[in-house]
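Please look over the sequence and the structure below, then read on.

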Amino acid sequence: MEKIKISAVSYTNTKPFIYGIQHTAIIDKIELSLDIPADCAQKTIDNKVDIGLIPVAATLNMPYWNIVADYCIGAKGAVNSVFIFSNCDIHSIKRLQLDPESRTSNNLARVLLKNYWKVAPELITNDPEYSNLSDSETAFVQIGDRTFGKKDKYAYAYDLAGEWEKFTGLPFVFAAWIANKPVPQTFVDEFNEALKYGLQHREALFAEIPARADFDIHDYLMNKIDFDLTEEKRKALHLFLEYLKAL
Ligand SMILES: C=C(O[C@@H]1C=C(C(=O)O)C=C[C@H]1O)C(=O)O
């Protein structure tokens with residue numbers, strides 16, 4: 001059988017899934033690449049892979065997409081790795097630099113700015129000065145491991161999953177395992193088992209991840225990232241896509 005090509009996120013948040021894939025027999029049926037989220041999305045859209053752990057916002061650019069797993073990168077309240085970092089209050093921001101590695105969180109920022117905070121700063125894509133806040137009215141979106149330890153370095157750090165929960169009362173889905181073509185159910189079942197195995201063995205995984213003084217990786221992977229794609233998260237996902245379409 002030809003191997004199923006999969007692109008997964010290269011950040012710490014995905015390590016439990018990778019552990020499960022690498023420690024179960026499914027590894028022999030998969031060709032796995034690890035990419036930044038924007039590239040996971042592009043590879044899945046361009047049919048370079050069959051399944052991607054892709055930012056959910058990218059589904060708006062896909063003629064066919066199908067969620068193939070019961071697990072995701074999500075959060076119930078604060079996630080601790082998706083922020084708007086700023087030196088001023090959100091209502092005073094004039095310019096917002098978007099994160100070139102993100103697709104969902106840039107759009108979550110846009111949804112919240114318009115509908116929750118009701119402000120309209122200029123949005124800047126691919127700013128050469130990205131993440132260097134040289135003036136007090138520019139802020140930036142940032143996701144993933146690059147945010148670790150930064151929360152206390154700025155006057156304001158808005159946790160976007162926390163803000164989404166304040167706005168809607170719902171959890172949030174950042175990325176889901178999405179196929180660009182029908183995938184055999186036997187593979188889907190085995191894939192789900194592999195992901196579950198990884199989640200169940202998070203304690204073993206921690207022995208492989210170097211600890212950091214400025215960030216609690218154990219708390220992050222046990223309590224902040226919420227991996228179950230529940231009915232409530234699916235509801236939140238569809239609500240988010242509706243807000244996105246209306247922007
Ligand atoms: C919680 C996170 O979720 C992510 C955010 C994504 C995005 O903004 O497009 C995509 C994949 C996830 O890795 C994170 O990266 O910190």
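## Asparagine 80

Asparagine 80 is buried because 22 other C-beta atoms lie within 10 Å; the cut-off for buried is 20 or more other C-beta atoms within 10 Å of the residue's own, while exposed means 12 or fewer and partly exposed lies in between, with C-beta atoms placed from the backbone. Asparagine 80 is found in the loop between β4 (66–75) and β5. Its phi is near 75 degrees, a positive value in a residue other than glycine.

The model is a predicted one, in which local features need pLDDT of at least 70 and side-chain atom pairs count only at pLDDT 80 or more, while totals for chains, interfaces and linings use all residues. Residues are numbered from 1 along each chain as its sequence is written. Helices (H or I, at least four residues) and strands (E, at least two) are DSSP runs, numbered from the N terminus.

## Two other asparagines

Asparagine 126 also has a positive phi, near 50 degrees. It sits in the loop between β7 and β8. Asparagine 126 is exposed, because 8 other C-beta atoms lie within 10 Å.

Asparagine 107 belongs to helix α3. It counts as buried because it has 22 C-beta neighbours inside 10 Å. Leaving out residues up to four places away in sequence, asparagine 107 touches Ala57 and Leu244; contact here requires C-beta atoms, placed from the backbone, within 7 Å. Between asparagine 107 and threonine 230 there are 22 Å in space, C-alpha to C-alpha, and 123 residues in sequence.

## The five-stranded sheet

An open sheet is formed by five strands in the order β7-β6-β8-β5-β9, with mixed pairing; strands pair if DSSP finds at least two bridges between them. At the edges are β7 (122–124) and β9 (156–159), each pairing on one side only. From one strand to the next, the twist averages 25 degrees. Within the sheet, strand β6 (residues 95–97) and strand β8 (residues 138–143) run parallel and are joined by three bridges. Threonine 138 in β8 is the bridge partner of arginine 95.

Helix α3 (residues 104–117) lies across β5 (82–86), β6 and β8, at about 135 degrees to β8. Helix α4 (residues 160–168) lies across β5 and β9, at about 65 degrees to β9. These angles run from 0 to 180 degrees between N-to-C directions, with axes taken as lines fitted to C-alpha atoms, for helices over the stretch in contact.

## Strands β1 and β2

Strand β1 (residues 4–9) runs parallel to strand β2 (residues 30–35), and six bridges join them. Alanine 8 stands opposite leucine 34 in β2. The chain passes from β1 through helix α1 (residues 15–22) to β2 in a right-handed β-α-β crossover; right-handed means that, with the strands pointing away from the viewer, the path from the first strand over the helix to the second runs clockwise.

## The nonpolar core

The largest nonpolar core has 62 residues, and those with the most contacts inside it include Leu53, Val56 and Ile84. Such a core is a set of buried Ala, Val, Leu, Ile, Met, Phe, Trp, Tyr and Cys residues joined through C-beta atoms within 7 Å. Strand β10 (residues 172–179) gives the most to this core, with eight residues. At least three residues come from each of domain 1 (4–74 + 171–235) and domain 2 (82–168), with bounds from an automatic or database domain assignment.

Leucine 53 touches Ala8, Val9, Thr14, Cys40, Ile73, Ala175 and Trp177, not counting residues up to four places away in sequence.

Key:
Contact = placed C-beta atoms within 7 Å.
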